Amino acid sequence: MVQVPAATVVEVLAALDVDASTPQAVDDALAAHEAAATAWLLPPTVVLWRDAPALPGPLAALPEGTVLRIATEQGETREWPTGPQGGPAPVTSVPDATAGSSTPDATVGPSTPDTTAGRSAPAPGASAPEVRVASVPRVPSPGAVADHWAELPLGVHALSARLADGREASCRLVVAPARVPAPHGPRHGFLVQLYSLLSARSWGMGDLGDLGELAAWSGRSLGAGFVQVNPLHAAVPGTPTDPSPYRPSSRRFPDPVHLRIEAVPEFGHVTAPAAREELDGLLARAAALREGVLHKDALIDRDAVWDLKRRALEILHEVPLGPGRRAAFCDFLAEQGRALEDHATWCALAEEHGGDWQLWPAALRDSASEETARARAGLRERIDFHCRLVWLTDCQLGDAQRAAGEAGMAVGLVHDLAVGVHPGGSDTWCAREVFAPRMSVGAPPDAFNAHGQDWGLPPWRPDVLARSGYAPYRSLLRNLLRHAGAVRIDHVMGLFRLWWVPEGRPPTEGTYVRHDAEAMLAVLVLEADRAGATVIGEDLGTVEPGVRDALAARGVLGTSVLWFERDWAGTGRPLPPDAWREGCVATATTHDLPSTAARLTGEHVALRHRLGLLTRPLEQERAEDTTEVTEWLSYLTRLGLLPEGAGDEEAAVRAVHRFLCATPARMVGVWLPDAVGDRRPQNLPGTWDQYPNWRLPLADAEGHPRTLEELAASPRLHALMETVRAGAEAPPGAPHGPLAAPPGAPPGPLTAPPGARST
């Protein structure tokens, strides 16, 4: 139980436009809320699941005789009066004369009061409740609503209600499929941080050309079904740029630093001698950057790479687009609309005023101000340039996904959605009203971090999202899923609630704020279904009861990491493979954890000791780590998955992956550095400048960087992937090598206790 200070609740409510600063203000806010609640006929957004056994509560509660009118996003209007069980069949169904005049993202209906205040004022020092907006969605039971509701097309529609007494109300109606698409095809694939994957053609960091090559090679040669990458969101420019892919400027648009310059069609049409000579010079400098990273122990320098690529792209921008490409670019501009123009405007202004709009001249901090409009006019060329870069990046993302599909990958690219964005970046400037001011997302204190965490990411306002019909969220998902077979949602628990930390307060003095989880989940399922994409939720750590069940009911896969999968409710020993949940991606590690080789050798403990990060004596940490690893290796040996015996690190890595393939997991992810024995983590939580987070190239067991071409020829990689492929392709329930203890083996947790399941 975390004691939430009353002052925290007051500040969080203030960020939601609820004044609770004095007892009188609390009384007034509660009175206003109760009066508004009494007058409400419909909430801002209502969810109708395809498999719903009955109408959603707000619709079922409308009095008989209410006339409902639904304008679908497909341009059709349906109208019918309510009655028992939802009323008769629609009495009208006509084309909507206004279809096409507004986008599905437009806000419908009047603003509604915020539903965030508690029912009583917090007492100083009391254990304040979390700020509630909605509860965990219920798990549906079989059944279907009345035919005319069931016949509504999937989508986000405008619903209006007119009661017999003349009162009217409107809301957004989200009609969502029952579940997200399930993954199919080969269930094994790679997990990789793209920047770390250099090839002989990279400009100092991995790019989308490398991603396409990795997908094509691993699909054709290794039978892989997917490649999961880090977030490729647009970063905040600066010197130095924050290298973390999880604190971007924008989650809606990709970062052109990932472009393969030579793959841009206009590259081959630079004919002016001076321009060609400058391009050749840039290529030589890019080769020097690559050489430094691969052979001279240099770190990946994103800023240096971007300086070269930006200048190259400026040269290519002078080459006129052919008629077909010009038409494609114009179509992209029309599809993305004002959101892309705003993002490109922010990029252009950031070139002049820096990457944090909070430090810009006051008049430019408002994207809708007159001064900003004048700046747009003066920066038209740069705005067009940045729009072009987003389009080029989108094209190469599409090329990479097509390469994956052509190589036989059923899923292909798995994109990653970060939890939030930088407070001074593009997204917050373009849509300030959606973000809670002076708030940051983090995590409360727990057994692993007694001080809690502040991630420096401003949260979305649940009330504004609901009033907009979740337009920002829908647009974000739609763009992310354009060229993806699946999406990973970082900290998927954030769909339900987030830990808000007021500015100037430590993370221990935060509080939870809830989203309408059913609406957030429905929009996610809807957009994933439209894209034909699987959804993976990163659900590691502390998870609220009911969340995993709610996600699983909608087909969202979880994330299960071998070292954390134990029988926590019983013996505490490793969880048997057949007791793992089916609905997950099974893996040995993640970007925030030690590589498998580092864990097996204890190198991760030594690293944290060198950096002064241990909270206990070194020998105690080593002893505990050795005990855990020994227990796992003994268990793998008893299961017959480590026939080579102890003492062989490479064999132990293969055994770990044999175990993962023996689980019923729908997807099995191989951390690409594990395939060549890399012992260095890509990110070491709790460090900033003590460790080169997000700047290390993929390397072998000796720490020597390895190119994509060298990976493709690596005997160690091929030995591991042959093991993984054989295990992953075995039919469900088939043996993956000996999985029973040999005669005379010591007793161990070889079967799951009744009711045991993955955590």
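# Reading helices and strands in a predicted model

Mentor: Of the 759 residues of the protein chain, 56% count as buried, where buried means under 20% relative accessible area with a 1.4 Å probe, protein chains only. This is a predicted model, in which local features need pLDDT of at least 70 and side-chain atom pairs count only at pLDDT 80 or more, while totals for chains, interfaces and linings use all residues. Residues are numbered from 1 along each chain as its sequence is written, and side-chain values use heavy atoms, with hydrogens and water left out.

Trainee: How many helices and strands are there in the protein chain?

Mentor: The protein chain has 21 helices and 20 strands. Both are DSSP runs numbered from the N terminus: helices are H or I with at least four residues, and strands are E with at least two.

Trainee: How are two packed helices described?

Mentor: One gives the angle between their axes and the distance between the axes. Here, helix α17 (residues 603-610) packs against helix α18 (residues 618-638) at about 160°, and their axes are 10 Å apart. Axes are lines fitted to C-alpha atoms, for helices over the stretch in contact, and angles run from 0 to 180 degrees between N-to-C directions. The angle therefore makes α17 roughly antiparallel to α18, a term for angles over 145 degrees.

Trainee: Which residues make the contact of α17 with α18?

Mentor: From α17 come His604, Val605 and His609, and from α18 come Leu618, Glu621, Arg622 and Asp625. Contact means heavy atoms within 4.5 Å.

Trainee: In which ways can the strands of a sheet pair?

Mentor: Strands pair through backbone hydrogen bonds, either parallel or antiparallel. In this model, four strands form an open sheet in the order β13-β12-β15-β16, with antiparallel pairing. Two strands pair if DSSP finds at least two bridges between them. At the edges stand β13 (453-457) and β16 (511-514), each with a single partner strand, so one side of each is left without a neighbour in the sheet. Within the sheet, four bridges join β12 (residues 439-443) to β15 (residues 497-502), and Met439 stands opposite Pro502 in β15.

Trainee: Which helix lies across β12, β15 and β16?

Mentor: Helix α1 (residues 6-15) does, running at about 105° to β15.

Trainee: Why is strand β10 largely enclosed by the rest of the structure?

Mentor: Strand β10 (residues 250-254) is largely enclosed because four of its five residues are buried. Strand β9 (residues 233-234) pairs with β10 in the antiparallel sense over two bridges, and the bridge partner of His233 in β10 is Pro254.

Technical notes
Parallel < 35°, antiparallel > 145°, perpendicular 65-115°, else oblique. Buried < 20%, exposed > 50% of the residue type's maximum accessible area, 1.4 Å probe, protein only.
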